[in-house]
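Here is a short briefing on a structure. Please read it with the sequence and the model side by side.

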There are 2 protein chains.
Amino acid sequence: MQHPDVTLETIRAARERIAGRTRRTPVFENETLNELAGAQLYFKCENFQAGGAFKARGATNAVFALSAGELRAGVVTHSSGNHGAALARAARLRGVRARIVMPDNSSRAKLEAVRGFGGEVLLCEPTLAAREALAAQLVADSGAAFVHPYDDPRVIAGQGTIGLELLEEVPELDWLLLPVGGGGLASGVAVAAKAMRPTIRVVAVEPIGADDAQRSFSSGVLSPARQPATIADGLRGALSARTFDLIRRHVDAIVTVSDEAIVQAMRTLWQHLKIIVETSAAVPYAAVQSHQLEVSGARVGIILTGGNVDLDELPW
Amino acid sequence: MQHPDVTLETIRAARERIAGRTRRTPVFENETLNELAGAQLYFKCENFQAGGAFKARGATNAVFALSAGELRAGVVTHSSGNHGAALARAARLRGVRARIVMPDNSSRAKLEAVRGFGGEVLLCEPTLAAREALAAQLVADSGAAFVHPYDDPRVIAGQGTIGLELLEEVPELDWLLLPVGGGGLASGVAVAAKAMRPTIRVVAVEPIGADDAQRSFSSGVLSPARQPATIADGLRGALSARTFDLIRRHVDAIVTVSDEAIVQAMRTLWQHLKIIVETSAAVPYAAVQSHQLEVSGARVGIILTGGNVDLDELPW
């Protein structure tokens, strides 16, 4: 089992590589939400990232770290949506072909996002096994470079740049809350945050219906993924050995929230921040709003991971 | 007929008065929307203003320009919603009572916003005559200070600070597009913009179903308001003599858009900017998207006036 290091240095290198190719996103504060929480909340708005989600960071870092030779047949990935769009966008910036394997129950908005960046969509059954099999076949047949949505140190380092930016802008955070699905963002951001501020408490939040990370974390043994059942479609992935290892070393706790709490949190964020965030992005704030975490009086960083929503199918 | 001047100087004074009591809002750009328009669009995001709409500027300027003696019985206004919430908020900051006359068909979100800032809501029939009569009665009975939603030079100067901020941030705009209802924002922003950049073309955009400003502007005679019929509930007010005079002197053109174009524009802005804007706020962009204006190749400022939306009643 191979664990190439993800460190503050590889994250700083990722930042140099993606600068000008992704956006430095703003940090929002809101009086009403602070009053509701009894805390100072700092929302890092990756819904404003290129392509509408943080995934642009990891995908762009990976594509621009590959050599021209490695990219001669383009790139391939499987994705529930946002990573696919991000990889298509990065490939277009680099001038290479992108083929994206997506489950056939993906939202229209996410399919359109991939195609909008020139990515070729290949639909498969909505299981991890089907996704992996089709992607592996494409790689074997064409020699394309595979860029995993999270089990890749270059992707993880790219996502870690969110933590770098947030801690530079708000250095004295007490807490940092982030969602965990496959663990690419959680592990990368945790590495950056703990390196920059060792006293920070990093908490990953997960939907109850996709709680493999929580089970793995509390048992100390990587648990197999069950069939995930949650409205937070971006968090249905399961930890890999790599992300599990990084999370054990750098994350302080994992808590879970219900789908009901997620929808309520999403609605509250829309109402008060006046921004569009998707279900998966509302997960960390759901832990605050539903009192899974006691953060009163503290300075709390919260990562809002994306805003790719099908506006015809709102969950309330 | 009295026309106390609204000038760049009174707008600068308003900016000093409201600083720290309102927000300096960000200017957003978006690659996709630029490509769709073939132009450089700069969106001034007043949906992020305190209370979710630009109205905080004018109301705060008016309340803090009044003396303690004038405020002894508090303030009164009539409003379809955003000005009411803004006045309630400004009154609370100043520590005085606010009574807000609102039509009984106001959205729940707008009623809650007023009450959330401690304002007292008095409902009336949804006609201008009913609103004015009840507000006048409250003023006569109590001696409260009346702060009109737009027919007041202090309110107009407050709204003009939007133009001041936008032109400071993006000085070389070719066009400036803004919505017009009662004309408070349109006249204040036009005064600021033309003083700072005489070559700028200022275009006000109005729903076809509430086109009194367009009819007045093209005939040169202040037209009486018809019964307005538009989804853009913030733009149902009619010009006053004061705002009509300022608009004639400082606005270059008024164009109209259909409700269908407004809803389409609102949806496009949500989808790509990932922000919540209300129907009225989508009106200027609707003129670009529906090709009522030819702006290709130009630098275009667009004011997004607010984001107070009833999330249970989206118009698509």
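**Sheet of chain B**

- B:Val75 stands opposite B:Ala145, which lies in strand 6 of chain B.
- This is a predicted model: local features need pLDDT of at least 70, side-chain atom pairs count only at pLDDT 80 or more, and totals for chains, interfaces and linings use all residues. Residues are numbered from 1 along each chain as its sequence is written, and chains are lettered from A and ligands numbered from 1 in the order in which they are written.
- Strand 3 (residues 75–78) of chain B pairs with strand 6 of chain B in the parallel sense, over two bridges. Two strands pair if DSSP finds at least two bridges between them.
- Strands (E, at least two residues) and helices (H or I, at least four) are DSSP runs, numbered from the N terminus.
- The open sheet has four strands in the order 5-4-3-6, with parallel pairing.
- Strand 5 (120–124) and strand 6 (145–146) of chain B are the edge strands, each pairing on one side only.

**Helices 1 and 7 of chain B**

- Helix 1 (residues 8–18) and helix 7 (residues 153–169) of chain B pack at about 85°, their axes 8 Å apart. Axes are lines fitted to C-alpha atoms, for helices over the stretch in contact, and angles run from 0 to 180 degrees between N-to-C directions.
- The two helices are therefore roughly perpendicular (65 to 115 degrees).

**Chain contact**

- 13 residues of chain B are in contact with 13 residues of chain A. Contact means C-beta atoms, placed from the backbone, within 7 Å.

Conventions: Parallel < 35°, antiparallel > 145°, perpendicular 65-115°, else oblique. Contact = placed C-beta atoms within 7 Å.
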